[in-house]
Amino acid sequence: MSEPCNGPGPVEEQGWIRRDVPRFVIGCEEDEQDMGQMEAGMKNEMLRQDDMEVYENESSSERQIVVGICAMMKKSKSKPMIQILERLCKFDYIDVVIFPEEVILEEPVEKWPLCDCLISFHSKGFPLDKAVEYAKLRNPMLINDLNMQYFIQDRREVYRILQEEGIDLPRYGVLNRDPDNPEECNLVEGEDHVEVNGEVFPKPFVEKPVCAEDHNVYIYYPTSAGGGSQRLFRKIGSRSSVYSPESNVRKTGSYIYEEFMPTDGTDVKVYTVGPDYAHAEARKSPALDGKVERDSEGKEIRYPVMLTAMEKLVARKVCLAFKQTVCGFDLLRANGHSYVCDVNGFSFVKNSMKYYDDCAKVLGNMVMRELAPQLHIPWSIPMEAEDIPIVPTTSGTMMELRCVIAIIRHGDRTPKQKMKMEVRHPLFFELFKKYGGYKTGKLKLKKPKQLQEVLDIARLLLVELGQHNDCEIEEKKSKLEQLKTVLEMYGHFSGINRKVQLTYLRNGQPKASSEEEDCKKDGPSLLLVLKWGGELTPAGRVQAEELGRAFRCMYPGGQGDFAGFPGCGLLRLHSTYRHDLKIYASDEGRVQMTAAAFAKGLLALEGELTPILVQMVKSANMNGLLDSDSDSLTDCQQKVKARLHEIMQKDQDFTQDDFQKLAPTGSPSLVNSMKVIENPVKTCDKVYALIQSLTSQIRKRLEDPKSADLQLYHSETLELMLQRWSKLERDFRMKNGRYDISKIPDIYDCIKYDSQHNASVGLEDTLELFRLSRALADIVIPQEYGINKAEKLDIAQAYCVPLMKKIYLDLQRTHEDEAVNKLHPLYSRGVMSPGRHVRTRLYFTSESHVHSLLSMFRYGGLLDEVKDQQWKQAMDYLSAVTELNYMTQIVIMLYEDNNKDPSSEERFHVELHFSPGVKGCEDEENVPLGFGFRPASSENEDKKPNQGSLEDLSQDQTDDALPVTELINLQRRSPMIRNRKTGSMEVLSETSPNHSSKGCTSHRLFQSCSRQSPEIKPAGGLGFEGCSMVPSIYPLETLHNSLSLKQVEEFLSKVCESIGEAQAKTMKALSGLFDSQSQTSLYSPQQPLSSSGSEASLRPPGQPLWYGSIPSSAVSSAGPSSPTTDSSGLGLNFSFSE
């Protein structure tokens, strides 16, 4: 584009009259004067009105329309402005005059240049009053109304206007701190909410200064997510926000408080040019981690997105309501709606040539349409051909990844601990009543304020006990002291690491545990259960983040800005709104933090986990989806536990009969553990003796002044470590001399933790204790979920039917995402296959759900081992896996073959993958071998390459069982290697050097090397993989890679249906989860279904959705279903995009 200067001679091109060379000047222009000279010596007298008379005296045939630019120099000389004005000058009859800043600031408006059309807008330091005065004096056509710009500077006015126009905006309240009207300022601040003039805003909420020029917007997080606040500001270098531990709101100034919208970490910026044109682009939300994403040229990375019809209507309304032709505003896409949260007034898109062309064209046409008739200029509106959005599809035998569903156990945690005590003091009963405990007879206290009250009671009782020993306090002193110690542990409360449960006992506690005194009083009491520990460790965070990073590699594609590191395909999908991602977690702190750390690795985020947790992770509690109420075991579980205790209490070697009773499935991992144990009681004796030896060693360390103050991992002290082990020593062996088998998982938990993280203490015999307790735990833990197949299924159904229903829906809805997050086709050059959408659903949960779900897949009748060789190998592999450790994953991937007939069973294809999670202590030598990730089909001896294996098998060697140590060559097994295809943008060649299918050192899904985690001191002695290094994670193994979607759907449907009554309950809970707009389930999006009407054809023929239990209208009708309709008793208001 040539420099701005004058040039005669118009050239007509495609109906848009252009001049060869653009022409606009600073100040007034005279035909012969060149630009350089003007900029060098511009004198005020040149701007006098008589100089402008040149235009008045010109004959009408040569009359030019003068567009004046009146703004601060920084704005009028900005790159977008120059680009647009250059293009505007190509209109044959338009000249542009830029008002110099000194003239605007110093000269009276009478001396400002004349113009027919004025583009003027406020920015810092701009005299808006003078511009208004000029407009009154000269009455030019205004592109952006000037009086409305006063309103845009006040967020209260902006919100008022938006509300009057009926535009959706977040629920908000205004706090005016006006010394003249103190009654307007009514703020009550609570632990996890604020009340503004009677309206309550629970955290997370947003606090915005009322002045729009003040960009210091704060977001406050709830204590359950870690508390603190995120402070947003105008971009400084590469930062746009910073996390602060401060949780209290600001006490000076006036603010708007509004509810926080969960947008999955992206904001949409919309730029209008008149009511009928809007350009939209997404950028990473500044609230997420505060790091500004920049490209190789240092510009903030933004992605053009398509607006929905509703959003286009909003853009039109905003443009007209604020009377700003050129107007920028911010949209938040959340809960299936779009909310306007800010209107910025005049602003241009940066770095988009297409936008510069469009903007100049729209503005030029607007000016000509308005002024050409008045000035008798011959001009007709050029007709434009409509842009047709042609989206290339992937073709060839390549399948397209459509959906990834993963169920993942949380990361490494501190040992879970529990203390029970019976309390009868009136203060405890008052507390129980205060928080509504009598309604259900149970109470959970997690909030800092509630825990503080429990701590106050404990302190008070201890003081009274100290003063007079004979007083009426029945609570045991040692228990009260432990209660006080645990609650005081971290110096502050955070809702993530401790909780107190109170249960009402009408006649006191029935049986004494090993800790209780024998003398009991009658009358009601409360059972107080204190739970602590079980927090995600720094190592757990690293594991989750690394796994997130590795997970990216499962997604195909990736080029452009993200090229050069693994997983770029996913990041690109996500940023361009074609990755439909939802992350769910149960309500336990460790699970939520795992999910947040995983999201951080998956999406390459930076900084603290709290902001990521609040924005990216949906809490799916209170509906059984990912939580289990561990206190209410099913009858079946009670019976199984009793049988387990009975078998494990025999003081003799296991007989053949015991093997039959305890391991009816013949699982090698169980049989091996039973062989290690031989005699269960003798083994428990050994374990008990080893625990006693351990506690006495710790006591000796405590007496030794050198090691007494030793800091252990995660700021634990020797004192706390001793408490942990002494409690297990007391509880494991009961008063009658028998062993409490239910304590075995806790013992294994503690020794596993100490072997890994506290090896530096140098305690003896820890490895032997680890070996024995592990053998016991390998029996007790899996068998608590059922001993024989029928029990395993029964218990599994109690845990995971809601989750399986949800997976069923996730797979079903994948064909219907017509309206989900599409990339604008005009901008998709350089983006592989802009039509591709991948739906990802991640469910983070605890051990019980992972065990149950795996039981369902193993024993629920998905496939027949006898008929299916691959499934038999998978079952053998699973039964050899001893432990579902931290970060265990079950992954379901759905592919679509676009070449197959839409109604064909071969159109959709499902793969099932599994990893047993983190590597254990001495695992390397006795690890069961799987068959690698996405191996070649085992059936290709007599057939063509199997559909299940997406790569061209002619290049593949046959896959033998892969040793764990081999770097799995992911490139070879991933869909990234494509045939070069014409008619598609994907040209990743199979022969390109960096994608060669053999011999390239590619990224294994999970590298074997361990990462040093923060907060870890180098340790001596034997531990896990170099002691306190973070243990690496087993790679994913494919259980099956050629299932049809029909098989999987029929299996899920059958399993869910067989549950009968429980189904209705869970369905109700499910629909409750998605219909409510409460904080627990942040989602109630409404999404039109596929407009193609091919819903029926996408399902296998003759197979109704959910066996025909839903009327067809609920499936095929486009548009959101109304929240009141209830489809056929299933409570199916499923118009969510979950």
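Modeller: Cys 115 is buried, since its relative accessible area is 10%, where buried stands for under 20% relative accessible area, exposed for over 50% and partly exposed for what lies in between, found with a 1.4 Å probe and with protein chains only. Please keep in mind that this is a predicted model, in which local features need pLDDT of at least 70 and side-chain atom pairs count only at pLDDT 80 or more, while totals for chains, interfaces and linings use all residues. Residues are numbered from 1 along each chain as its sequence is written, and side-chain values use heavy atoms, with hydrogens and water left out.

A disulfide is a covalent bond that links the sulfur atoms of two cysteines. Cys 115 is accordingly in no disulfide, and the nearest cysteine sulfur, which belongs to Cys 117, is 7.0 Å away. Another cysteine, Cys 89, counts as buried at 0% relative accessibility.

Charged side chains lead to the salt bridges, each of them a side-chain nitrogen of Lys or Arg within 4 Å of a carboxyl oxygen of Asp or Glu, and the structure holds 43 of them. In one of these, Lys 269 pairs with Asp 330, with 2.8 Å between the closest N and O atoms. Because Lys 269 belongs to strand β17 (residues 266-273) and Asp 330 to strand β20 (residues 326-334), this pair ties together parts that are 61 residues apart in sequence. Lys 269 counts as buried at 11% relative accessibility, and Asp 330 counts as buried at 9%.

A further salt bridge joins the side chains of Glu 488 and Arg 459, at 3.0 Å from N to O. Glu 488 lies in the loop between α14 (477-487) and β25 (498-505), whereas Arg 459 lies in helix α13 (residues 448-467), so parts 29 residues apart in sequence are tied together by this pair. Glu 488 is partly exposed, at a relative accessible area of 30%, and Arg 459 is partly exposed at 33%.

Glu 896 and Arg 907 also form a salt bridge, with the closest N and O atoms 2.7 Å apart. Since Glu 896 is in strand β30 (residues 889-896) and Arg 907 in the loop between β30 and β31 (908-915), the pair ties together parts 11 residues apart in sequence. Glu 896 is buried at a relative accessible area of 5%, and Arg 907 is buried at 11%. Elsewhere, salt bridges that share partners join Glu 545, Glu 546, Arg 549 and Lys 600 into one network.

Finally, the backbone has a detail for you to find: the peptide bond from Lys 203 to Pro 204 is cis, with omega near 0°, and Pro 204 sits in the loop between β11 (199-202) and β12 (205-209).

How values were computed:
A disulfide is a pair of cysteine sulfur atoms within 2.5 Å. Helices (H or I, at least four residues) and strands (E, at least two) are DSSP runs, numbered from the N terminus.
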